[in-house]
Amino acid sequence: MKKKSSNANLKTANRAKSDEFYTQLSDIEKELKNYKDHLKNKVIFCNCDDPEESNFWNYFALNFEFLGLKKLISTHYKDANLLTKESPYKLEIVKDTNKDGKINKLDTIKTPLKQDGDFRSPECVEILKEADIVVTNPPFSLFREYLAQLFEYKKKFIIIGNLNAITYKETFKLIKENKIWLGQSIHSGDREFRVPESYPLNSAGNRIDENGNKFIRVKGVRWFTNLDYKERHDDLILYKEYHGHENEYPKYKNYDAINVDVTKDIPVDYKGAIGVPITFLDKYSPDQFELVALGIIGSIDFASNKKMEILDKSGAPTGKYTFNAKGTLYRLYNPLTDKTPAFKDTETGELYSSIYARVIIRNRKI
Ligand SMILES: C[S@@+](CC[C@H](N)C(=O)[O-])C[C@H]1O[C@@H](n2cnc3c(N)ncnc32)[C@H](O)[C@@H]1O
């Protein structure tokens, strides 16, 4: 039987709203070490975290003194359908409440919540107002709403999510305006998350450890933050030239930009707009490049509006038509580099290849 990919697993999780993916302590440590100066003397809020399960809670509780935190708060959510053991509650560590000169268990205060611990509940919003920095792995299915709330209350944050979130119009706008960016530590590959016992393990990279804990590998995981760190200002080193190699960089038919398929091939000397894969953002320095637009449906003003016949995977006509290739970027079909054309212009008969998602950028330094 064919095994499911980790992406397929994530989709299943989204569909079923199975949001119980627990972040590993090692992943949290690798990212959080970049923000030590930002965290000092701050109130940290983990608002999607059952302290009994969450390594975000563990990380901050264990490092409370080392990081010089002022307060740590975590709220435990109880969904009516969820089989969690406990009722919703808030757990806090406050700087040495019992004045014994140490941060220890006695300084941990547990209070039942009146509401269900939903990050949107008035009770949790009151805690959010008090917090300086929010750090967690919010439910994948509520990412948009979660991020919107952080901005509504003008919070600093470090959250983990999926790269796909970049293609949400709302998220891209924030990235473009330099109000949010990707974190420092994850730029490729997949990451393991612990899942509850009840989750089926049906993809290739899943495992159960010697203690019976289940783990699922998820692709496209990234940190999102609005706390600055040094490396995001490092220029991407480019070595290819546009001048003299114009054929390598075909222009789109419906947007005035050249196409680049691999980030490292961005020409060092090109002044105009360039379409690059979304993973460019892993290497993006706002000092070096300007983000112009997101080249996907609904988020860009395309220059033309052609009636095109949709071709099937073998390049054969389907008898179905689309205007402007459903809003994707497209360029002339090149038989040397493209497998099959995707569309045929109904007027001229020209064949086109469509390009799914691109970020349109411009080099600030030329
Ligand atoms: C992806 S898991 C991450 C858990 C934990 N932050 C971690 O990384 O280990 C998301 C968590 O958010 C909880 N959750 C789901 N909906 C929520 C809501 N509306 N408000 C607060 N928490 C919620 C889920 O029960 C789940 O434990």
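Lys154 sits in the loop that runs between helix α7 (143-152) and strand β7 (156-162), and in this predicted model the residue has a positive phi of about 50° although it is not a glycine. Most residues other than glycine have a negative phi. Lys154 counts as exposed because its C-beta neighbours inside 10 Å number 8, where 12 or fewer is the limit for that class.

A second residue with this kind of backbone angle is Asn178, which is likewise not a glycine and has a positive phi of about 60°. Asn178 lies in the loop between α8 and β8 (181-182), and it is exposed because 11 other C-beta atoms are found within 10 Å.

The C-alpha atoms of Leu150 and Val125 are 10.0 Å apart in space, while 25 residues separate the two in sequence.

Two further residues fall into the partly exposed class. Ala293 belongs to strand β15 (residues 289-294), and it counts as partly exposed because it has 18 C-beta neighbours inside 10 Å. Pro286 is placed in the loop between β14 (274-276) and β15, and its 15 C-beta neighbours inside 10 Å are why it counts as partly exposed. The table brings together the pairs for which both a sequence separation and a C-alpha to C-alpha distance are given.

| Pair | Apart in sequence | C-alpha to C-alpha |
|---|---|---|
| Leu150 and Val125 | 25 residues | 10.0 Å |
| Pro286 and Ile175 | 111 residues | 9.7 Å |
| Ala293 and Ala148 | 145 residues | 20 Å |

Turning to the protein chain as a whole, its C-alpha atoms fill a box of roughly 80 × 50 × 40 Å along the principal axes, and it contains 8 helices and 21 strands. Of its 366 residues, 34% count as buried. Among the contacts between residues at least 6 apart in sequence, 66% join residues that are at least 24 apart.

The chain is divided into domain 1 (6-232) and domain 2 (234-366), and the centres of the two domains, taken over C-alpha atoms, are separated by 35 Å. Their contact takes 12 residues from domain 1 and 12 residues from domain 2. Which helix gives the most to the side of domain 1 that touches domain 2? That is helix α8 (residues 169-176), with 4 residues. By class, the residues on this side of domain 1 divide into 5 nonpolar, 3 polar and 4 charged.

The largest nonpolar core has 73 residues, of which Ile44, Phe45, Phe60, Ile274, Leu281, Tyr352 and Val359 touch the most other members. This core draws at least three residues from each of domain 1 (6-232) and domain 2 (234-366). For Tyr352, the contacts that remain once residues up to four places away in sequence are set aside include Lys253, Met308, Ala325, Tyr330 and Phe343.

The ligand is surrounded by 19 residues, and the closest of them are Tyr22, Thr23, Cys48, Tyr77 and Asn137. Both β1 (22-23) and α4 (55-62) supply at least two residues each to the shell around the ligand. This shell is made up of 8 nonpolar, 6 polar and 5 charged residues.

A last topic is the confidence of the prediction. The mean pLDDT of the protein chain is 89, and 90% of its residues reach 70 or more. Over residues 1-5, however, the pLDDT is below 50, and this stretch has 6 contacts in the model beyond near neighbours in sequence. Residues 8-16 also stay under 50 in pLDDT, and for them the model has 10 contacts beyond four places in sequence.

Note on methods
Residues are numbered from 1 along each chain as its sequence is written. This is a predicted model: local features need pLDDT of at least 70, side-chain atom pairs count only at pLDDT 80 or more; totals for chains, interfaces and linings use all residues. Domain bounds come from an automatic or database domain assignment. Two residues are in contact if their C-beta atoms, placed from the backbone, lie within 7 Å. Ala, Val, Leu, Ile, Met, Phe, Trp, Tyr, Cys and Pro count as nonpolar, Asp, Glu, Lys and Arg as charged, and the others, Gly among them, as polar. A residue is buried if 20 or more other C-beta atoms lie within 10 Å of its own, exposed if 12 or fewer, and partly exposed in between; C-beta atoms are placed from the backbone. A residue is near a molecule or strand if its C-beta atom, placed from the backbone, lies within 6 Å of it. pLDDT is the predictor's confidence in each residue, from 0 to 100. A nonpolar core is a set of buried Ala, Val, Leu, Ile, Met, Phe, Trp, Tyr and Cys residues joined through C-beta atoms within 7 Å.
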